[in-house]
Amino acid sequence: MKPKKLICVGGARPNFMKLAPIMRALEQAPEFDPVLVHTGQHYDQAMSGQFFRELGLPQPAFNLEVGSASHAQQTAEVMKRFEPVVLEVQPDGVLVVGDVNSTVASALVAKKLQIPVVHLEAGLRSFDRSMPEEINRVVTDAISDILLASEESGRRNLLAEGIPSERIYLVGNVMIDSLRLNLEKAQSSDILNRLHIKGEPYGVVTLHRPANVDDQEQFGEILSALAIISETVPLYFPVHPRTRLSLAGCGIPVRGRIHLADPLAYTEFLCLMSKASVVLTDSGGIQEETTALGIPCLTLRNNTERPVTVDEGTNTLAGTRKETILAAWDEVKRAPKTGRIPKYWDGNAAVRCVTVLRDYLSATA
Ligand code: UD1
């Protein structure tokens with residue numbers, strides 16, 4: 001039988017850790033002919049190129065080079081440039097991951113061309129539609145044919161939205177496949193030396209949500225909490241380009257023992273995070289990675305689309321006001337959460353995905 005052509009689409013940094021194990025598992029399965037498409041939503045070496053190299057992702061067959069723009073322009077540009085690729089490749093399916101603009105844009109294109117769409121990391125809901133990612137999740141899930149969930153809440157949310165249960169599969173967390181595969185190698189990174197970390201306990205910070213960093217008053221509130229926390233533990237803060245722009249533009253002083261750094265490579269960040277006493281973040285993926293590593297995580301948001309990290313893992317919602325963050329920090333100092341590993345976050349999620357895809361695509365042959 002001819003191998004099934006499956007276009008796999010990624011565009012932004014958090015997509016690449018999810019695509020790497022999927023591409024590897026698909027390449028080892030003779031029934032599949034995977035075609036990797038990079039939308040170019042992220043394009044800097046630090047946000048894209050070095051992730052491809054480190055994660056062993058193949059060169060994309062197509063790079064749409066859409067770059068940065070407003071939400072509408074970026075989404076529209078992915079759609080305009082992805083449509084001819086789908087028409088040329090004539091795939092048997094299109095797999096999209098996560099919740100970025102590239103995800104929803106490519107799902108829309110494929111579905112309108114009547115190509116089956118597979119959404120990996122389906123069903124996550126923050127129930128906060130002021131988040132652009134929440135819109136992307138809801139729309140992508142509504143038009144996907146196969147929904148691969150990373151945690152049980154994903155399945156529940158999809159069922160509540162009326163998606164038939166036979167289209168939903170709990171496969172586990174492919175991002176944790178990447179973490180487990182790379183954790184040992186990451187330990188040999190020299191990042192702690194380069195940041196002059198000498199063995200004392202430290203914390204790691206990442207921030208990039210528009211709601212946290214684009215608003216000057218809000219960003220100042222978080223930075224003043226971080227300055228106080230850094231009196232107890234020095235904080236290392238690799239700065240996302242969006243956040244760097246915001247810091248430069250607003251002139252908010254970064255006080256205390258907060259050490260800013262450029263965005264790190266995947267294994268550098270994994271090494272830094274795995275040896276930290278605490279992580280403070282507004283990222284989605286880092287909430288999951290800290291749970292997998294058993295490191296306490298304070299999420300600087302009021303909600304999470306990944307509730308298993310709070311219910312079973314090491315994550316605590318710390319809010320975004322100075323007092324709420326400091327209260328959560330006091331709690332972490334008093335009684336750090338240890339947590340347990342959620343179901344199927346075992347390094348084999350990509351293999352489960354491929355099993356589902358094999359059954360589905362052979363049934364539609
Ligand atoms: C995007 C995703 C977000 C994800 C995040 C991970 C959407 C709606 N948002 O947010 O869900 O958590 O990626 O990083 O899809 N920039 C660079 N170099 C790059 C890419 C971006 O300098 O390689 C700068 C540009 O100034 C750009 C800004 O960062 O305007 C924001 O990039 P964009 O892709 O629009 O959104 P993110 O904030 O990265």
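Modeller: Before we start, a term: buried means under 20% relative accessible area, exposed means over 50%, and partly exposed is in between, with a 1.4 Å probe and protein chains only as cover. Helices (H or I, at least four residues) and strands (E, at least two) are DSSP runs, numbered from the N terminus.

Biologist: Fine. Which residues of α13 are buried?

Modeller: Gly285, Ile286, Gln287, Glu288, Glu289, Thr290, Thr291 and Ala292. The helix spans residues 285–293, and eight of its nine residues are buried, so α13 is largely enclosed by the rest of the structure.

Biologist: What kind of model is this?

Modeller: This is a predicted model, where local features need pLDDT of at least 70, side-chain atom pairs count only at pLDDT 80 or more, and totals for chains, interfaces and linings use all residues. Residues are numbered from 1 along each chain as its sequence is written, and side-chain values use heavy atoms, leaving out hydrogens and water.

Biologist: Back to Thr291. What is its relative accessibility?

Modeller: Thr291 is at 2%, so it counts as buried.

Biologist: Which residues other than glycine have a positive phi?

Modeller: Glu121 and Phe127 are among them. Phi is near 85° for Glu121 and near 60° for Phe127. Glu121 is in the loop between β5 and α5, and Phe127 is found in the loop between β5 and α5 too.

Biologist: Is Glu121 buried or exposed? And Phe127, buried or exposed?

Modeller: Glu121 is buried, at 7% relative accessibility. Phe127 is exposed, with a relative accessible area of 63%.

Biologist: New topic. What is the strand order in the open sheet of seven strands?

Modeller: The order is β3-β2-β1-β4-β5-β6-β7, with parallel pairing. Two strands pair if DSSP finds at least two bridges between them. β3 (62–63) and β7 (168–170) stand at the edges, each with a single partner strand, so one side of each has no neighbour in the sheet.

Biologist: How many bridges join β4 to β5?

Modeller: Four, and the two strands run parallel. β4 covers residues 93–97. Leu95 stands opposite Val118 in β5. Leu95 in β4 also has Cys8 opposite. β1 (residues 4–10) pairs with β4 in the parallel sense, over four bridges.

Biologist: And how many bridges join β5 to β6?

Modeller: Three, again parallel, with β6 at residues 146–149. There, Val118 stands opposite Ile146.

Biologist: Which way do the residues of β5 point?

Modeller: Val117 and His119 point one way, Val118 and Leu120 the other, and all are buried. In a regular strand, side chains alternate between the two faces of the sheet.

Biologist: Which helices make β-α-β units with β5?

Modeller: Helix α4 (residues 101–112) makes one with β4 and β5. Helix α5 (residues 132–143) makes one with β5 and β6. Each is right-handed: with the strands pointing away from the viewer, the path from the first strand over the helix to the second runs clockwise.

Biologist: What about β8, which strands does it join?

Modeller: β8 (residues 203–206) has both faces covered, with Gly203 and Val205 on one side and Val204 and Thr206 on the other, all buried. It pairs in the parallel sense with β9 (residues 235–238) over two bridges, and four bridges join it to β11 (residues 278–281), also parallel. Gly203 is the bridge partner of Leu235 in β9 and of Val278 in β11.

Biologist: Now the ligand. How many residues surround it?

Modeller: 17, and the closest are His42, Asp44, Glu133, His208 and Arg242.

Biologist: Which side chains have an N or O atom by a ligand atom?

Modeller: Asp44 has one 2.8 Å from a ligand nitrogen. Arg242 has one 2.7 Å from a ligand oxygen. A polar side-chain atom of Glu133 also lies 2.5 Å from a ligand oxygen. A polar contact here is a pair of N or O atoms within 3.5 Å.

Biologist: Which element gives the most to the shell?

Modeller: α11, with three residues.

How values were computed. Near = heavy atom within 4 Å. Polar contact = N/O pair within 3.5 Å; in protein donor to acceptor, adjacent residues only side chain to side chain.
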